[in-house]
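I opened this model to look up its fold, its cores and its charged pairs. My entries are below, in the order I made them.

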Amino acid sequence: MPFPQQFRPALLALLMSTAAVLAPDSGQAQNAAGAFLAAREAGVLNDFAGSLPYLERLHADDPQNVNTLEGLVVSALSVGEREIAIRNAQALNVLDPTSRSAAIVLLTKAFDEQDYAAALDIISGDTVRVHPLIDGLARAWAHLGAGRMSEALDTLDQVGGMDGMQDFSLYCRALALALAGDVEGAVEIIEDPDAGVAAALNRRGYIAYAQLLGLTERFDDAIALIDSVFPGASDPALVHMRESYAAGQALPFNVISSPAQGMAEVYGVMASAMQSSDNALEALLYAQAAVWVNPALSDAQLMIGQVFEFLDQPQAAAAAYDAIPDGDVFGTAARMGRAQVLETLDRRDEAIADLTAMAQENPQSFAAQSVLGDFLRRNDQFAESAQAYTRAIDLLTAAGGRPDWQLLFARAVAYSRADDWPAAEADFRAALALQPDQPTVLNYLGYSLIERGENYDEALDMIERAVAGDPTSGYVLDSLAWALFKLGRYDEALPHMERSVEMEPTDAILNDHLGDVYWAVGRQREARFQWRRAISFLPAENLDEEQLRRKLEVGLDVVRAEAGEPPLHPAN
C-alpha cells in the first residue's frame, strides 16, 4: 500500500510479517490469507476505505501486529474515519510509542477536544513524533491554549529558526497575538518590511490581515488590500467586509477563534506544501487533520477531493466535494471538481447539466463559463462550447481583465471543429500574439493550414518552431512530417514520421500517416503493414475508416484519384 513515506509503509511491511498468521493447514490461515490479499489489492489501488474491513479482520486475528495497526490508522485517517483511526492509534501507541501514524491521530484528537495538556504530552521530549515543524507549532498552540503566552511565543521563535520557516512562524505569532487581543502587535508583525510575512500570505492570511487592518480602523488600507488581492470578488464574506469598511465599521477577527483552530491552519498549510511537492498521500493526511479540527476549512476539504482524484478514487473525491456547500467561497470549485469526477465515471451529460446550472446561477463567473466550454468541447458540442468561451471572455474583459492564450486557443479549437475557420484562425493568431512561441498553438494552427492547403510556407515555419519548442512530442513531429508530405518532400518527411510513430506507437492517425509516407517513397509492403496497424487502433477521431480500408484494397494512388487529389508523383 503506497502510504506516505514519512509514515510507515504499513502494508509493504505487512507483506514481510504474515508468516505466523498464515500458518499452513489452518482454516484461520486461509481466512487471513484472503483478508491479506484483499487488503493488499485495495492498498495498491489507493482504496483506503476498501482496505479497512480486511485490515480489521487481520487485526482481530493478530492484535499485536504493529504493521496491521499502522495500516488501519493511516487508511482510516485518509478517508476521515476518525473513530476507527483513534481506536487503533491508541492501541498502536502502546505497542510502538514512536509511531508517527499514531501520533498525528492522537495529536489531532487532542486539539479537536481542546485538550492542550494531552497535546503537549504527545509531543513532549526530544523525539520527533510527527514532523519537526508540526511538533514545534503544535507545542506553541498548545501552550497558548493552556494560557502560557510567553512559552508559546518562545516556541514560535524556535520554529522560526528552522530553514525556510521564519515567515510562517511569524504569521502564527501574529494569529496568536490577534487571538489574545493584541491587534496592533499582529499588524506590526505582518507589515514588518524585514520579515516579509505579507508577501508570503495565502488567501486566509490576506483575509486575516484585512480584518486586523479594520480593527485598527485603517479602513482605507483594508479596502485597498481587498481590491488588490481579490479584485472583483463575489464572495459574500469579502463583499460584506468591503462594505463594512467603506462604512467605517470594523468586524471581529474570526479567521481563527481558538488555539486549536490555529493548529488546524498549520495542518492546512502543511497539506498545501505536500500537495505542491507531489506528496499526495501526506497532503491527504494533513488535510483530513485540518478539517477534523476545523470543519470550516473548506480549502482543505477541496484539497481532499483533489487528492482523491489524483489517486484515482472518483467516488471518494465526489464525496469530498459534496461536503462543501454551494454558498461557500470554494463551492464553485467543488462543483467543478465534482463535474470532473462525473466525467471520469462516464457521466459527462450529468456533469454538463450541473455545470450549465452553475453557470446560470453564477452569471458573472467567467470561470464557470470557461469550464462549461471545456466540457462541451470534449462532448463534441463545438458551437455551444464556443459560445460558452465567448461568454467567459466577455465577462473577463468587462471586469478589466483579458483572456490568456489558453482560453483563446480553446475557443479557436471549438470554432475550428464547428467549421468556422475564419473565427478559429483569428483566435489562433490572437493566442500567438500573446505567446508567439507556444508549441501547442503553433502546431495546431500550422497543421490546420496544411490540411486546408493554405499558406504552406508559413505553416511549415510554424510547425518547425513547434518542434523546436517541444521536440519530444510525437504529435508535433507528425505535423512536421505531414507538412513535408503535403509539400511533396517525401524523403524528408519519412524520418520524422517514423520517429513520431516510435513515440506514439498506438495512435491510429500517426500509423496511417506513416503508411502514406511509405507508399509515397515506394515502400508499398510496409505501407500496407502500417495501414493494418492503424485499423487495429480504431476508432480514432478525425480518421476516415472507410478510406483507410480502401487504401489497403487498392493503394494510395487510386484513393487519391477517387478523392480528386493530385497524384503523389506528377508526370513531368
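The entries go from the whole chain down to single residues.

**Entry 1: ground rules.** I am working with a predicted model, where local features need pLDDT of at least 70 and side-chain atom pairs count only at pLDDT 80 or more, while totals for chains, interfaces and linings use all residues. Residues are numbered from 1 along each chain as its sequence is written, and side-chain values use heavy atoms, with hydrogens and water left out.

**Entry 2: whole chain.** I counted secondary structure and found 32 helices and zero strands in the protein chain. Here helices are DSSP runs of H or I with at least four residues, strands are E runs of at least two, and both are numbered from the N terminus. The C-alpha atoms fill a box of roughly 95 × 80 × 40 Å along the principal axes.

I then looked up burial: 50% of the 572 residues count as buried. Buried means under 20% relative accessible area, exposed means over 50%, and partly exposed is in between, with a 1.4 Å probe and protein chains only. The protein chain exposes about 26000 Å², and carbon and sulfur atoms supply 49% of that area. Accessible areas come from the Shrake-Rupley method with a 1.4 Å probe; for residues, only the protein chains shown count as cover.

For contacts (heavy atoms within 4.5 Å), I took residues at least 6 apart in sequence; 54% of these contacts join residues at least 24 apart.

I also checked charge placement. The chain has 40 positive and 83 negative charges, and their mean positions are 6 Å apart. Lys and Arg count as positive and Asp and Glu as negative, without His and the chain ends; the charge is placed at NZ of Lys, CZ of Arg, CG of Asp or CD of Glu.

**Entry 3: cores.** Nonpolar side chains tend to be buried together in soluble globular proteins. I used the core definition of buried Ala, Val, Leu, Ile, Met, Phe, Trp, Tyr and Cys residues joined through side-chain atoms within 4.5 Å. The largest nonpolar core has 115 residues, and those with the most contacts inside it include L107, I134, W141 and Y267. Helix α16 (residues 280–293) gives the most to this core, with 12 residues. A second, separate core of 60 residues includes W405, A414, L442 and V467.

I listed the contacts of L107, leaving out residues up to four places away in sequence: A119, I122, I123, V130, I134, A138 and Y267.

**Entry 4: salt bridges.** I found 34 salt bridges, each a side-chain nitrogen of Lys or Arg within 4 Å of a carboxyl oxygen of Asp or Glu.

- D516 and K551 meet in a salt bridge at 2.8 Å, N to O. D516 lies in helix α29 (residues 508–520) and K551 in helix α31, so the pair ties together parts 35 residues apart in sequence. D516 is buried at 6% relative accessibility, and K551 is buried at 2%.
- R465 bridges to D437, with the closest N and O atoms 3.4 Å apart. R465 is in helix α26 and D437 in the loop between α24 (421–434) and α25, so this pair ties together parts 28 residues apart in sequence. R465 is partly exposed at 31%, whereas D437 is exposed at 56%.
- R218 bridges to E191, with the closest N and O atoms 2.8 Å apart. R218 sits in the loop between α12 (203–215) and α13 (219–229), and E191 in helix α11 (residues 183–191), 27 residues away. Both are partly exposed: R218 at 28% and E191 at 30%.
- D322, R338, R347 and E350 are linked in a network of salt bridges.

What else does R218 touch? Not counting residues up to four places away in sequence, R218 touches V187, E191 and L213. I also noted that R218 and A250, 32 residues apart in sequence, are 9.3 Å apart, C-alpha to C-alpha.

**Entry 5: backbone checks.** Most residues other than glycine have a negative phi, and most peptide bonds are trans. I logged these exceptions.

- The L538 to P539 peptide bond is cis, with omega near 0°; P539 is in the loop between α30 (524–536) and α31 (545–554).
- D380, not a glycine, has a positive phi of about 65° and lies in the loop between α21 (366–378) and α22 (382–398).
- N455, not a glycine, has a positive phi of about 50°. N455 is in the loop between α25 (439–452) and α26 (456–469) and is partly exposed at 41% relative accessible area.
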